Amino acid sequence: MLTMPVPDENTLARRREIVTALRQIVAGEGVIETPAEMRAYETDGLTAYRQMPLAVVLPSTTAEVSAVLEYAHREKIKIVPRGAGTSLSGGALPLADGILLGMGKFNRVLEIDYANRCAVVQPGVTNLAITKAVESKGFYYAPDPSSQIACTIGGNVAENSGGVHCLKYGLTANNVLGIEMVLITGEVIRLGGKHLDSEGYDLLGVMTGSEGLLGVVTEVTVRILQKPETARAVLVGFPSSEQAGQCVADIISAGIIPGGMEMMDRPAIHAAEDFVNAGYPRDVEALLIVELDGHKVEVDHLIEAVSAIAAKNGSTTLRVSQSEAERLLFWAGRKAAFPAVGRISPDYLCMDGTIPRKCLPEVLAGMEELSKFYGLRVANVFHAGDGNLHPLILYDANQADELDRAERFGADILKLCVRVGGVLTGEHGVGIEKRDLMPEMFSEIDLAQQQRLKCAFDDEGLLNPGKVFPTLHRCAELGRMHVKAGALPFPDIPRF
């Protein structure tokens, strides 16, 4: 049975002092301190790691966020920002000696400006809620991660999230126009706005994907798009993943940019079909979902072109959605793939790496060999059009060494991605999951230069420390004096 270390009297006194100060800033039920109440915050989507925070504070105004950060900076207390806690890289994992800053109360849509095709929302608004707020007028918000029903726009900004439609319509970075943010000093600044571009350095681009290391976002202005006249999805089955991968490359080479293009292998197909009954063929090794949108005549032409390319690559089944309900059903299976896999395995790790499209067959073959080597199953679900892979490594945490094997398997997949010219993450972020793999992609000079940017925003290293960087430098003497991190960012974190 897991036992947590008992804090000494000095630690308890310090905790009481911090909680008292926080209660003066955020009144009522805005501060959580008991172990039972904080249990909900001990982990995020990377559930293999858990850590109770020192305290949880739930502000509801920008002024309260500012006061909390100013207090933390003055007293040199670490802060971990958190949205819905859906991060799959451990980006919102708490610290035993840090405050967890929950942004769940920032959940209002503040303004919808159809004339300028944008909406102003608070960071705790869920991704899907933005589309729900504007769909009556024929608009939607394009980035759509699989967790869009739960993940928040603030977390999307922190991780630069994508989704099935990012191939044509871009990631969060391409759909955020402006933010309000609070610096660790408590100062409030605005970057961007309703206008399409800003003068000066692209600090909005710096903040998007910064994983909570540079500031806390309190308001977001997003781009909304008008729904296309026609959208139809095509299900295409193949005898092998290599043929499906080649079909993806050929579609892009033909100059066709689908609204979305997703790929699933046999284990993922069967898990999703058992869960959703979307009508997926069970007698194929790989399935492509290709969505084509635009004017009706254009969509009809593109369906013919994609069908011809698929046939050339040996497709064995092809089915085109005949109604909006059927199109949504095709996508429902894909979006439910992660929970569907959870029904066939006690645990799984959801990896995230991106590769050049042409390397898809090579990487899939490499993953198959790694699966045999580690003795663990893998189900593949990914954004095929932009090469963003999401291998799901199946394991049982109750078996003595399976988590270790799963983590080594995942690390080898990411190393393979980098080796073929890809990157460690496409949309899940680095967090703690990929932190110690950063030297596979970046030199020591590269990493030091990135940390200099962090130091410009966070001179004391208080915002989400222990994430992203494998080597921690002191801002005052960056490049000369440094502290080497251990195998885990927090030695007292129990791993399950």
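Trainee: Before we start, what does contact mean here?
Mentor: Contact means heavy atoms within 4.5 Å. And keep in mind that this is a predicted model.

Trainee: OK. Which residues does R327 touch, leaving out those up to four places away in sequence?
Mentor: R327 touches A231, R232, A233, E291 and S321.

Trainee: Where does R327 sit, and is R327 buried or exposed?
Mentor: R327 is in helix 11, residues 324-335. The cut-off for buried is under 20% relative accessible area. R327 has 10%, so R327 is buried.

Trainee: You listed A233 and E291. Where does A233 stand relative to strand 14?
Mentor: A233 stands opposite E291 in strand 14. Strand 12, residues 230-238, runs antiparallel to strand 14, and nine bridges join them.

Trainee: What about strand 13 and strand 14, how many bridges there?
Mentor: Six bridges, again in the antiparallel sense. Strand 13 covers residues 260-265.

Trainee: How many residues of strand 14 are buried?
Mentor: Nine of its nine residues, across 286-294.

Trainee: Which residues go on which side of strand 14?
Mentor: A286, L288, V290, L292 and G294 are on one side. L287, I289, E291 and D293 are on the other. Both faces are covered. In a regular strand, side chains alternate between the two faces of the sheet.

Trainee: New topic. What is the strand order in the open sheet?
Mentor: The order is 5-6-10-8-9, five strands with antiparallel pairing. Strand 5 (109-113) and strand 9 (188-192) are at the edges. Each has a single partner strand, so one side of each lacks a neighbour in the sheet. From one strand to the next, the twist averages 15°.

Trainee: How many bridges hold strand 8 and strand 10 as a pair?
Mentor: Six bridges, antiparallel, between residues 176-182 and residues 216-223. V176 stands opposite V222 there.

Trainee: And A119, which strand is that in?
Mentor: A119 lies in strand 6, residues 118-121. A119 is buried, at 1% relative accessible area.

Trainee: What does A119 touch, beyond four places away in sequence?
Mentor: E111, I112, V220, T221, V222 and I224. Take V220: A119 and V220 are 101 residues apart in sequence. In space they are 8.2 Å apart, C-alpha to C-alpha.

Trainee: Helices now. At what angle do helix 13 and helix 14 pack?
Mentor: About 160°, with axes 10 Å apart. Helix 13 is residues 360-374 and helix 14 is residues 402-419. The two are therefore roughly antiparallel. The crossing is right-handed.

Trainee: Which residues make that contact between helix 13 and helix 14?
Mentor: From helix 13, V363, G366, M367, L370, S371 and Y374. From helix 14, R405, R408, F409, D412, I413 and L416. By class, the contact of helix 13 with helix 14 has seven nonpolar, two polar and three charged residues.

Trainee: And helix 1 with helix 3, at roughly what angle do the axes cross?
Mentor: Roughly 150°, and the axes come within 10 Å. Helix 1 is residues 9-25, helix 3 is residues 62-75. That makes helix 1 roughly antiparallel to helix 3. The crossing is right-handed.

Trainee: Which residues are in that contact between helix 1 and helix 3?
Mentor: Helix 1 gives R14, E17, I18, A21, L22 and I25. Helix 3 gives E64, A67, V68, Y71 and E75. The contact of helix 1 with helix 3 has seven nonpolar, no polar and four charged residues.

Key: Residues are numbered from 1 along each chain as its sequence is written. This is a predicted model: local features need pLDDT of at least 70, side-chain atom pairs count only at pLDDT 80 or more; totals for chains, interfaces and linings use all residues. Side-chain values use heavy atoms; hydrogens and water are left out. Two strands pair if DSSP finds at least two bridges between them. Helices (H or I, at least four residues) and strands (E, at least two) are DSSP runs, numbered from the N terminus. Axes are lines fitted to C-alpha atoms, for helices over the stretch in contact, and angles run from 0 to 180 degrees between N-to-C directions. Buried means under 20% relative accessible area, exposed over 50%, partly exposed in between (1.4 Å probe, protein chains only). Angles under 35 degrees count as roughly parallel, over 145 as roughly antiparallel, 65 to 115 as roughly perpendicular and the rest as oblique. A crossing is left-handed if the near helix is turned anticlockwise from the far one by less than a right angle, and right-handed if clockwise. Ala, Val, Leu, Ile, Met, Phe, Trp, Tyr, Cys and Pro count as nonpolar, Asp, Glu, Lys and Arg as charged, and the others, Gly among them, as polar.
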